[in-house]
Every structure is written in C-alpha cells, then in structure tokens.
Amino acid sequence: MTETTEPTRIQVRGLAKSFGDHQVLRGIDFESRRGTSTVLIGPSGSGKTTVLRSLNVLETPDCGVVRIDDVEVDFAKLPPGKAGRKEGARLRAQSGMVFQTHNLFPHRTVLENIIEGPVVAQGRPREEAVADAKVLLDQVGLGDRVDAYPSQLSGGQQQRVGIARALALKPRVVLFDEPTSALDPELVGEVLAVIKDLAATGWTMVIVTHEIRFAEQVADQVLFLDSGVIVEYGTSAQVIGDPQEERTQRFLKRIL
Ligand code: ADP
C-alpha cells in the first residue's frame with residue numbers, strides 16, 4: 001500500500017452495460033492514481049471482467065465515461081461507424097491487456113512475439129523494440145529464453161511472456177483479466193510474483209483476480225463488485241481486512 005498524491009490516471013464515471021435484458025454494470029464509478037494498483041474482486045458474474053474490458057473498449061458500454069490520462073470517451077455520445085471506432089481505438093491504445101491465456105504466436109520465438117506489437121502496430125524501429133524487449137524479459141525473469149518457442153515454455157513462463165508483450169507497447173495502464181486462473185496451481189506463484197514486482201516499479205494496473213491473498217498484497221485500492229455495482233471500496237486493509245458491508249463479508253467468508 002502506497003500513499004500517493006499522484007495525478008488521476010484512470011477515471012470511470014457512470015459505466016452501465018446490458019447484454020440483452022441482463023444489466024451487467026449498473027453505474028460504476030472509480031478513479032485510479034498514477035502508479036497504483038486497483039484490484040477488482042467479487043463473485044463470479046458480478047461484472048469485473050466487463051469493467052476491465054470496457055476500459056480497453058473490448059466491450060462498448062451503453063453509457064458512462066472512461067478517461068485514461070488525456071483520452072476520454074463518453075460512450076453515450078460515441079458517434080456511429082468509423083468515427084466512433086477511431087475514438088475507441090485511441091482509448092484502447094492507452095492500455096495493455098493481459099488475458100487468462102496468453103495467445104502467443106506458436107511459430108514465433110519469445111522475442112518475436114514481444115516485438116510484433118511495437119514494430120508492426122506502433123511502427124517503432126526494430127533494434128529499439130528488441131532492446132526494450134530484452135529488458136522486459138529480464139524483468140519477468142525470462143532473459144535467458146529470448147529465442148525459445150512458446151511450446152518450449154511452461155504455462156507460467158508463457159503467461160510471463162504475455163505480460164512482457166503487453167508492457168512492450170508502453171501502455172499508460174496494464175489490465176490483468178484473471179491472469180492466473182488458467183494455470184496449474186504450482187505455476188500461479190511465479191506469475192503473481194512478477195505482477196507484484198511490476199506494481200512496485202510504478203506501473204498503473206487494474207487487476208481482476210480471485211487470489212485474495214495476492215490482492216491484499218498488491219492492491220493500493222480494492223473494489224468489491226456485486227451484481228454490477230461497487231458495493232465497497234478502499235484500501236485492502238479496509239475492504240479485505242475489515243469489510244463493512246454484509247455482501248463483502250459474506251463473499252470473503254466463502255472464499256477465504
Ligand atoms: P465476472 O468477471 O465478475 O465473473 P463478467 O463481467 O464476466 O463477470 O460477467 C458479468 C455477467 O455478464 C455474467 O452474467 C455474464 O454471463 C454476462 N456476460 C458477459 N459477457 C457477455 C456477453 N458477451 N454476452 C452476454 N452476456 C455476457
């Protein structure tokens with residue numbers, strides 16, 4: 001937990017989303033400051049992943065505003081067609097997503113997987129992207145596996161490559177969608193340790209996880225969601241250590 005007076009990096013106001021008749025988000029508001037970790041916890045189906053995917057415009061909320069640094073999208077006013085897609089893409093470029101499974105290109109080496117985004121999508125010089133990728137691979141503990149293919153790596157190592165790949169785009173915010181839920185239990189720790197290290201080096205992160213002990217250690221801010229609303233938020237000591245709301249208490253009792 002770090003006290004911070006850093007500027008707001010993420011601002012979310014009034015986010016709402018329905019799938020057909022099912023209202024999945026019912027007005028989500030929160031802010032994250034630069035260099036902090038925000039962890040979303042809550043029962044399965046409460047809307048955590050939909051919040052995360054909305055930040056990255058993988059889902060388009062029905063209304064609400066998302067701002068990441070100086071890029072703001074008001075979803076109720078998003079123009080139709082190409083103009084709307086362009087606005088969405090600007091917001092998407094502010095964040096990098098780490099998914100449950102890594103989706104690495106199987107026929108490309110670890111290094112090639114990581115430099116693809118910076119070189120092809122961002123047009124950065126290859127040598128610069130390679131140098132950055134090597135630093136990132138060192139950071140995730142895979143500096144010696146640059147030339148390996150994904151199939152030669154364990155699931156935990158593959159997920160760490162997935163993290164390096166998201167960071168290689170130099171996003172303002174890194175989003176983690178249950179980054180360890182597809183891993184065998186013995187591989188979870190190494191991935192969580194990498195995420196904890198990244199939090200300590202100043203990345204701004206939003207993390208959806210069921211790993212409550214990890215959430216407790218990494219979060220500057222915990223949001224507890226239930227049925228599409230933030231029921232309780234605060235520091236991990238407040239929300240996990242001393243929950244005030246009955247729904248939070250019940251959830252934590254069930255999973256701890
Ligand atoms: P959580 O991450 O908390 O488990 P989600 O955000 O994944 O919750 O899902 C919230 C609810 O929205 C769930 O009931 C889920 O079935 C529903 N949902 C999510 N995505 C879709 C979709 N693309 N189409 C229809 N329903 C969806």
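Here is a walk through the structure, from the overall fold down to a few single residues.

What you're looking at is a predicted model, and the scores that come with it are an ipTM of 0.98 and a pTM of 0.95. The protein chain averages a pLDDT of 95, with 98% of the residues scoring at least 70. In the UniProt record, an unreviewed entry, residues 10–252 carry the feature "domain: ABC transporter". In the model that span is 40% helix and 26% strand, and its end C-alpha atoms sit 27 Å apart.

Let's go inside. The largest nonpolar core has 60 residues, and the ones touching the most other members are L40, A164, L175 and V222. Take L40 and look past its sequence neighbours, leaving out anything up to four places away: L40 then touches K48, V51 and L52, and also V206, V208, L223 and L225.

Pick out V110, N113, I114, I115 and P118 and you have its buried residues. As for what lies over the buried residues of α3, the cover includes α4 (126–139) and α5 (155–168). Just after α3 comes G123, with a positive phi of about 65°.

A positive phi on a glycine is one thing, but two other residues deserve a look. Most residues other than glycine have a negative phi. K170 has a positive one, near 50°, and you'll find K170 in the loop between α5 and β7 (173–177).

Last stop: D197, in helix α6 (residues 185–200). D197 is partly exposed because it has 14 C-beta neighbours inside 10 Å. Which residue 58 places away along the chain has its C-alpha atom 8.4 Å from that of D197? That would be Q139, and Q139 takes you back to α4, which spans 126–139.

Notes: Residues numbered from 1 in each chain as written. Predicted model: local features only at pLDDT ≥ 70, side-chain atom pairs only at ≥ 80, totals over all residues. Helix = DSSP H or I, 4+ residues; strand = E, 2+ residues; numbered from the N terminus. Buried ≥ 20, exposed ≤ 12 C-beta atoms within 10 Å, placed from the backbone. Contact = placed C-beta atoms within 7 Å. UniProt positions renumbered as here; feature names shortened; annotations may be inferred. Core = buried A, V, L, I, M, F, W, Y, C linked by C-beta atoms within 7 Å. pLDDT = per-residue confidence, 0-100.
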